[in-house]
Number of protein chains: 2
Amino acid sequence: MSDTDADLAPVRLPARDISPPSTISAQARQALAAGALAPAVIWPAADDLEGWRLAAAGSEAIWNPVAERLLAACRASVTTEQIGGVTCYVSTPLGLEPPARARVYLYLHGGALLFGDGIYAKAMGAVSAERLGLTTVSVDYRMAPAHPFPAALEDCVAVYRELLKTYDPAHIVIGGSSAGGNLAAAAALMIRDTGLPLPAAVVLLTPEIDLTEAGDTFRTNALLDVVLKGGLPTCNAAYAAGHDLTDPYVSPLFGDFTLGFPPTFIQSGTRDLFLSNSVLMHRKLRKAGVEAELHVWEAMPHAGFGTDDAPENREIDDELRRFIGRYA
Amino acid sequence: MSDTDADLAPVRLPARDISPPSTISAQARQALAAGALAPAVIWPAADDLEGWRLAAAGSEAIWNPVAERLLAACRASVTTEQIGGVTCYVSTPLGLEPPARARVYLYLHGGALLFGDGIYAKAMGAVSAERLGLTTVSVDYRMAPAHPFPAALEDCVAVYRELLKTYDPAHIVIGGSSAGGNLAAAAALMIRDTGLPLPAAVVLLTPEIDLTEAGDTFRTNALLDVVLKGGLPTCNAAYAAGHDLTDPYVSPLFGDFTLGFPPTFIQSGTRDLFLSNSVLMHRKLRKAGVEAELHVWEAMPHAGFGTDDAPENREIDDELRRFIGRYA
């Protein structure tokens with residue numbers, strides 16, 4: 001960090017219109033064009049509890065029907081269970097055979113650490129189970145503002161601790177997208193620091209691992225990322241609730257990975273607001289001697305190309321299946 | 001490719017000033033600030049021979065003193081040899097012991113396929129030898145406009161063919177930066193298509209592998225990349241000299257990698273004009289089942305952070321040494 005940046009000459013960029021490129025699928029181009037027309041979200045102030053309640057209701061109005069549709073089409077059996085005192089959705093793809101049965105993916109849903117619980121978490125876990133061909137345990141962790149940091153993280157670690165009674169840690173993967181990537185990385189750090197056995201691997205999809213939002217692409221990809229058009233400072237403040245944003249359990253990018261960390265898969269896109277998060281994490285893990293691989297998709301914004309049928313979205317699953325098959 | 005992009009809603013970006021981020025080294029921030037103040041290069045028209053002569057003279061006036069200084073400081077012995085009828089600079093780091101002696105790095109210099117011959121190629125080969133700890137053969141390939149495509153490519157393959165008489169292909173690496181990355185990838189394709197044994201590995205540093213410049217970052221990173229502030233259409237036309245820019249030997253991104261390709265190391269930066277080239281190549285290789293790894297540095301423009309002492313530049317060498325040690 002530095003206060004001297006203001007002294008250094010900036011790049012002066014003129015106003016520009018940037019169309020979807022020809023180098024991505026037709027579905028992906030349509031997703032970018034649709035996103036370009038969508039208005040940016042206006043977030044409540046960090047302490048505006050009524051604002052967050054309304055924002056959550058708005059998010060559910062959009063996402064719950066999507067989740068219902070995905071669940072109805074999903075070829076996985078889904079049960080709701082209490083694991084370590086936390087509500088979880090356990091999804092098993094139809095026809096799953098050993099040795100895949102020995103593996104489990106502890107899946108942590110996205111949603112800025114304030115949204116995405118309930119049926120959304122359930123559907124995302126079920127879809128991941130089907131696409132990746134393994135059992136998933138999707139954690140319905142407590143969320144801000146009612147339950148700020150460290151409630152969600154503690155829930156995730158409690159579920160992991162309970163899973164260790166059934167699963168060999170060499171067959172447990174922890175991962176998630178966006179806020180789920182924050183919790184996956186932070187949980188792996190807390191698991192290590194607590195002296196529990198590390199999971200086999202960590203999956204960080206366009207991860208929200210720096211709540212200080214210092215990375216370059218928070219500015220260079222602002223608005224260009226049509227899904228996450230700008231940073232989330234009030235969401236982050238509502239989650240952190242006064243804790244230091246550079247605490248590695250709040251922003252795991254600031255962790256010390258030389259003390260040990262599992263092999264890690266990192267995904268991003270060239271238009272992703274969290275591209276800097278992703279490349280900084282990759283470099284930091286590599287410098288610490290951790291096995292880590294980086295995959296970046298052309299022109300992809302945060303969380304992929306909206307539509308389910310964009311082939312680029314399925315490529316992420318292909319890489320993930322290979323990665324999990326190698327390490328877990 | 002599509003002619004329908006104009007029908008799709010663009011992202012409308014306002015004018016913006018973007019300072020160097022706090023997430024890179026002080027030296028890297030200084031390099032970005034210095035680059036921000038430098039004017040963009042005005043390139044000659046493709047057929048303006050006098051313009052290219054003047055541009056080459058201007059390039060030499062800037063780079064030859066840099067090359068002299070690097071050569072004087074370099075701890076490697078350098079000899080000039082004719083290999084396969086092509087002038088090459090063979091550099092051996094002082095004190096090189098077996099088994100490193102058995103390896104050779106066929107190094108192809110950058111310079112938009114029109115610049116960077118002579119002492120610049122010599123110095124870059126010598127510096128690579130010292131930093132990577134192996135023998136390098138830097139090819140002083142013929143260049144456009146006097147010698148357009150496929151002269152440079154044929155020179156590189158001729159040198160490789162000759163090296164096969166001395167070196168086991170399992171110990172030969174072909175690589176280069178920018179235009180050198182173009183020739184490295186194209187040479188590997190030509191070597192394969194000719195039926196010669198493939199080299200052990202390919203190194204593509206911020207590679208100029210798509211002379212159609214279709215990638216998204218040709219627009220999103222224009223001007224933001226302070227080294228290469230925009231595309232090089234007239235350079236590319238002068239090099240291609242009427243050949244189809246989508247010919248895989250001209251733009252190796254269009255190659256068919258399912259027919260075989262060596263393990264490949266790809267480097268780029270989030271502000272690199274060639275970031276799309278890099279991620280598209282990575283994805284294409286992975287989909288073809290080729291071992292390929294992607295490394296992207298935070299806020300890095302084309303060809304690294306100018307100053308030799310930016311630690312990020314040295315990190316690239318660290319990763320390259322490991323990669324070459326693994327595959328060659």
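In chain A, eight strands form an open sheet of 8 strands with mixed pairing, in the order E3-E4-E6-E5-E7-E8-E9-E10. Its edge strands are strand E3 (76–83) and strand E10 (292–297) of chain A, each of which pairs on one side only. From one strand to the next, the twist averages 20°. Strands (E, at least two residues) and helices (H or I, at least four residues) are DSSP runs numbered from the N terminus, and two strands pair if DSSP finds at least two bridges between them.

This is a predicted model, in which local features need pLDDT of at least 70 and side-chain atom pairs count only at pLDDT 80 or more, while totals for chains, interfaces and linings use all residues. Residues are numbered from 1 along each chain as its sequence is written, and chains are lettered from A and ligands numbered from 1 in the order in which they are written.

| Strand pair | Sense | Bridges |
|---|---|---|
| E7 (172–177) and E8 (201–205), chain A | parallel | 5 bridges |
| E2 (16–18), chain A, and E1(B) | antiparallel | 3 bridges |

Within E8(A), A:Leu205 is the bridge partner of A:Ser177. Helix H9 (residues 311–327) of chain A packs on the sheet, where it touches E7, E8, strand E9 (264–269) and E10 of chain A. The direction of H9 makes about 165° with that of E8(A). Such angles run from 0 to 180 degrees between N-to-C directions, and axes are lines fitted to C-alpha atoms, for helices over the stretch in contact.

Helix H4 (residues 151–163) and helix H5 (residues 179–194) of chain A pack at an angle of about 65°, and their axes are 9 Å apart. Residues are in contact if their C-beta atoms, placed from the backbone, lie within 7 Å. H4(A) contributes A:Ala152, A:Leu153, A:Cys156, A:Val157 and A:Tyr160, and H5(A) contributes A:Leu183, A:Ala186, A:Ala187, A:Met190 and A:Ile191. By class, this contact has 10 nonpolar, no polar and no charged residues. Ala, Val, Leu, Ile, Met, Phe, Trp, Tyr, Cys and Pro count as nonpolar, Asp, Glu, Lys and Arg as charged, and the others, Gly among them, as polar.

**The contact between the chains**

Chain A and chain B each give 50 residues to their contact. On the side of chain B that touches chain A, the elements supplying at least two residues include helix H1 (26–37), helix H8 (275–287) and helix H9 (311–327) of chain B. H8(B) provides the largest share, 6 residues. The side of chain B comprises 26 nonpolar, 10 polar and 14 charged residues. Where E2 of chain A pairs with E1(B), A:Asp17 has B:Arg12 as its bridge partner.

**A buried lysine in chain B**

B:Lys122 is located in helix H3 (residues 119–132) of chain B. B:Lys122 counts as buried because it has 25 C-beta neighbours inside 10 Å; the cut-off for buried is 20 or more other C-beta atoms within 10 Å, with C-beta atoms placed from the backbone. Not counting residues up to four places away in sequence, B:Lys122 touches B:Ala67, B:Leu71, B:Val78, B:Tyr89 and B:Ser138.

Methods: Two residues are in contact if their C-beta atoms, placed from the backbone, lie within 7 Å. A residue is buried if 20 or more other C-beta atoms lie within 10 Å of its own, exposed if 12 or fewer, and partly exposed in between; C-beta atoms are placed from the backbone.
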